[in-house]
Amino acid sequence: MTRAFSSEVDTGSRQENASSQESRAPFRFHRNGKGPRLPQIALLPDGKRLHLQDGPIDLVIEAKGRDADVSAAYQAAAERFTGLLDELCAELVELRSAADPQRCVLKGVVARRMHAAVAPFAAGCFITPMAAVAGSVAEEILGAMLEAAALDRAYVNNGGDIALHLFDGEQFTVGLMDRPDRHGVMRTMTVDSDMPVRGIATSGRHGRSFSFGIADAVAVLARTASQADAAATVIANAVDLPNHPAILRVPGSELQPDSDLGARLVTRDVGPLAEHEIEQALEAGATRARMLLTSGLIEGAALRLLGETRLVGATGNGTLVSHTFQARTIDNTLQA
Amino acid sequence: MADTITVAAGDKIRCDACPVMCYIKPGAAGACDRYANHDGTLVRVDPHVVLERTVSHGGKLVPFQASGDWDGKIVRQPELFVTAIGAGTTYPDYKPAPFIVSSEVDGVDMVTVVTEGIFSYCGVKVKIDTDRYLGPETAIVRADGEAVGHVTTSEYGSQMVSLGGVHHLTGGSKKEGRVTCDTLMDLSNCKAVELTIDGGATVVVQAGKPPIVNGMAEERMRVGCGSATIGMFAKQWHGKVDEVVVVDDHITGVLSEHQAGKLLDIADTGIKMKGRRSTPGRYFQVADPGTGWGGTNISDPLSILGPFNAKEARPGLTMLMVSTTGEHASYYVLDEALKPIETEMPADLKFSVERIQENCEPALCTVLFMGGAGGSLRAGVTDNPVRLTRSVKDALTRVTSGGAPVYVWPGGGITFMVDVTQMPAGAFGYVPTPALVAPIEFTMKLSDYAALGGHMDFVRPLSSLRDSAEVRPMPHLPGRRA
């Protein structure tokens with residue numbers, strides 16, 4: 001991926017910097033390794049959503065409820081977020097190692113949640129707790145918010161891995177994009193409070209982390225964000241055509257020296273595939289998704305590859321996913 | 001894990017921006033996608049924020065009073081102009097989340113357009129109004145001991161230094177880059193910066209303020225070169241003094257030999273100048289450059305004179321020696337041995353020296369920020385970046401920096417210069433890349449924006465910004481707009 005090197009505007013007026021440097025410009029503290037490293041904590045300009053960022057973690061949060069509850073929840077989110085990255089980094093070596101399906105040596109509550117989310121898959125394939133880091137962090141922050149306040153509805157969106165809170169009668173609509181590097185919504189889906197879904201995650205080869213598979217996007221609904229995160233990774237890995245010549249794979253460590261995937265081959269590029277090959281790859285992923293559905297690890301999934309979509313999921317009435325994922329726009333009208 | 005890393009240790013760098021401490025290969029980015037290894041240097045690859053993105057991601061928008069020269073036809077409320085200052089956020093937008101939280105627009109709250117950054121290529125051009133010698137051309141200019149730029153070709157009454165640029169920002173050591181960035185930002189934000197020049201002076205530079213050379217505040221620009229000064233004041237000296245030498249590093253003028261003196265029939269005095277005679281009464285290189293008289297290195301002006309010629313000189317002959325700023329002046333009378341003896345200056349000559357001072361403009365440092373908006377920033381504005389460039393060149397799109405007018409260089413790209421004193425306070429920031437952060441705004445008609453491939457779906461009405469609690473008025477600093 002080539003990309004221009006760039007910069008950004010990060011300061012306000014001199015006066016403002018003087019008065020609120022700590023909360024507005026955390027980067028100033030990185031420069032010489034001295035002083036505290038604070039996350040970025042700011043309300044987005046709509047005045048409703050909270051933006052928290054620290055290192056690779058980037059959260060957009062919204063809570064709905066009484067004003068006092070919302071502000072208490074945001075306060076709790078910011079407090080819990082501060083230092084969270086350091087907590088994780090203290091166990092980074094273990095978190096980047098293959099998870100043991102039985103035993104968890106991790107200590108941090110988020111680290112342990114990450115392990116718990118990937119453990120069901122660890123016996124069958126290589127997976128590290130990092131596969132669930134985004135969802136686990138989202139879940140932790142949402143938990144802190146709910147401990148501090150009674151909310152009607154809330155979400156913590158960690159770069160597409162979303163932890164949800166829905167009180168009675170509330171619902172949540174998300175838009176699904178198949179290509180995160182473009183904009184345009186392919187589908188929307190609605191999660192109602194009476195559904196067990198409280199976590200949504202997406203994995204695929206275009207995201208920030210690497211995939212063994214070739215899926216453009218695998219969106220998963222699960223009971224928790226950490227579970228959704230781990231499952232999306234596993235299903236996206238399964239959307240694959242092993243040894244296909246049109247698929248370029250390189251060792252993960254060649255792209256990121258400290259990748260938790262080590263020298264394992266990750267997908268770098270996908271050339272043209274025949275229609276039946278796309279079907280075959282999607283079916284491989286869908287099979288995996290159905291297994292996870294049967295074992296209760298997910299509530300539904302949408303798999304996307306080269307313009308084709310496969311939905312997996314059934315509830316008692318057999319319509320959860322197809323009902324939930326409503327094709328909203330014509331797939332190919334995405335803005336390129 | 002560490003034991004699976006196969007790349008040579010020298011290839012990668014370790015990012016220390018956060019505790020993840022990623023190892024990053026050349027050409028790759030760290031886990032956050034905010035920092036990358038660019039030819040062995042850790043650089044920040046955060047997108048720059050223009051308006052659309054800002055609104056979506058927590059940036060502050062800064063309106064301020066735009067200057068009156070814009071007709072206001074394009075922006076509907078001429079009194080309100082939205083600048084990019086303070087627009088920044090750190091959201092990694094090149095990879096917008098595949099799920100976008102809903103409820104804002106049409107059931108779905110879109111992640112906004114990718115807008116990439118600016119001003120990895122930037123610097124400042126500093127004009128320092130002084131005739132004092134700051135250092136040889138091309139000499140390295142340092143801040144905190146680090147090379148941040150160089151002395152470039154001088155201009156009228158001024159020494160010029162060029163600071164920053166990508167080589168100092170990211171091409172040298174980490175400290176060099178950081179110090180360069182600090183220097184550029186401070187100068188651009190109208191703060192004082194002390195610069196030392198290899199083989200030259202130490203100068204404190206602050207936009208809109210007099211330079212301080214080797215601890216001495218410069219007060220005035222010279223009224224002209226030594227020769228010009230003779231021309232300007234010859235009549236005023238006529239009859240009050242026999243000889244005048246205007247000491248100047250560039251061209252030292254001698255009244256009795258100068259064309260202006262000849263026209264007034266001023267008699268020869270037998271004066272003998274050192275240096276190289278250019279034309280009558282005009283001498284180059286009477287001394288070496290320095291911070292003494294008239295930008296030379298001399299503190300005793302008599303040192304530029306040879307012995308007076310006994311054929312023409314006479315005892316009692318009077319002579320004024322003065323620098324081009326009137327800051328230095330001495331009065332002499334030749335003794336019996338034709339040796340100049342310093343004597344108290346008569347009042348009418350003092351007056352002429354004061355007149356020279358009065359005619360010297362205040363010496364200032366001026367700082368022009370210069371930056372190039374390359375492909376990536378333009379892509380944040382339009383799908384078809386070159387059309388933005390063309391639109392700027394065709395004057396359909398007006399470029400401003402913090403609302404201040406800019407000069408856009410002809411040629412490729414959108415490379416512009418802006419007087420930092422015209423910009424609102426604190427307009428500049430930095431990122432640890434290091435790179436300088438400066439506001440840039442493109443203003444155009446909505447129809448033109450659509451025509452050049454603008455992200456129409458991200459355009460929002462000004463009124464929606466005015467109502468925002470995030471809008472804050474820029475402090476008005478009297479005198480900033482010189």
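Helix 6 of chain A has 16 residues, which at 1.5 Å a residue should span 22 Å; its end C-alpha atoms are 23 Å apart, so the two values agree. The model is a predicted one.

Of the 16 residues in helix 6 of chain A, 12 are buried, so the helix is largely enclosed by the rest of the structure. These buried residues are V133(A), A134(A), G135(A), S136(A), V137(A), A138(A), E139(A), E140(A), I141(A), L142(A), A144(A) and M145(A).

Helix 6 (residues 133-148) of chain A packs with helix 7 (residues 225-238) of chain A. Their axes are 7 Å apart and meet at an angle of about 170 degrees. Because angles over 145 degrees count as roughly antiparallel, helix 6 of chain A is roughly antiparallel to helix 7 of chain A. On the side of helix 6 of chain A, the contact is made by A134(A), G135(A), S136(A), A138(A) and E139(A). Helix 7 of chain A contributes A225(A), S226(A), A228(A) and D229(A). Sorted by class, the contact between helix 6 and helix 7 of chain A has four nonpolar, three polar and two charged residues. The residues that helix 6 of chain A brings to this contact, including A134(A) and E139(A), are also listed among its buried ones.

Helix 7 of chain A leads on to the strands. This helix lies across strand 5, strand 8 (199-203), strand 9 (217-222) and strand 12 (300-305) of chain A. With strand 8 of chain A, helix 7 of chain A makes an angle of about 25 degrees.

Those strands belong to an open sheet of nine strands in chain A, ordered 1-2-3-4-5-8-9-12-13, with antiparallel pairing. At its edges are strand 1 (40-43) and strand 13 (308-312) of chain A, each of which pairs on one side only. Neighbouring strands of the sheet are turned by 10 degrees against each other on average, direction ignored.

In general, strands of a sheet pair through backbone hydrogen bonds, either parallel or antiparallel. One pair within this sheet can be followed in detail. Strand 4 (residues 153-158) and strand 5 (residues 161-166) of chain A run antiparallel and are joined by six bridges. In one of these, Y155(A) has L164(A) of strand 5 of chain A as its bridge partner.

Chain B can be described in outline. Its secondary structure comes to 10 helices and 30 strands. Chain B has 482 residues, and 55% of them are buried. Among contacts in chain B between residues at least 6 apart in sequence, 62% join residues at least 24 apart.

Methods
Residues numbered from 1 in each chain as written. Chains lettered and ligands numbered in written order. Predicted model: local features only at pLDDT ≥ 70, side-chain atom pairs only at ≥ 80, totals over all residues. Axes fitted to C-alpha atoms, helices over the stretch in contact; angles between N-to-C directions. Helix = DSSP H or I, 4+ residues; strand = E, 2+ residues; numbered from the N terminus. Parallel < 35°, antiparallel > 145°, perpendicular 65-115°, else oblique. Contact = placed C-beta atoms within 7 Å. Nonpolar A, V, L, I, M, F, W, Y, C, P; charged D, E, K, R; others polar. Pairing = 2+ DSSP bridges. Buried ≥ 20, exposed ≤ 12 C-beta atoms within 10 Å, placed from the backbone. Expected span 1.5 Å × (residues − 1).
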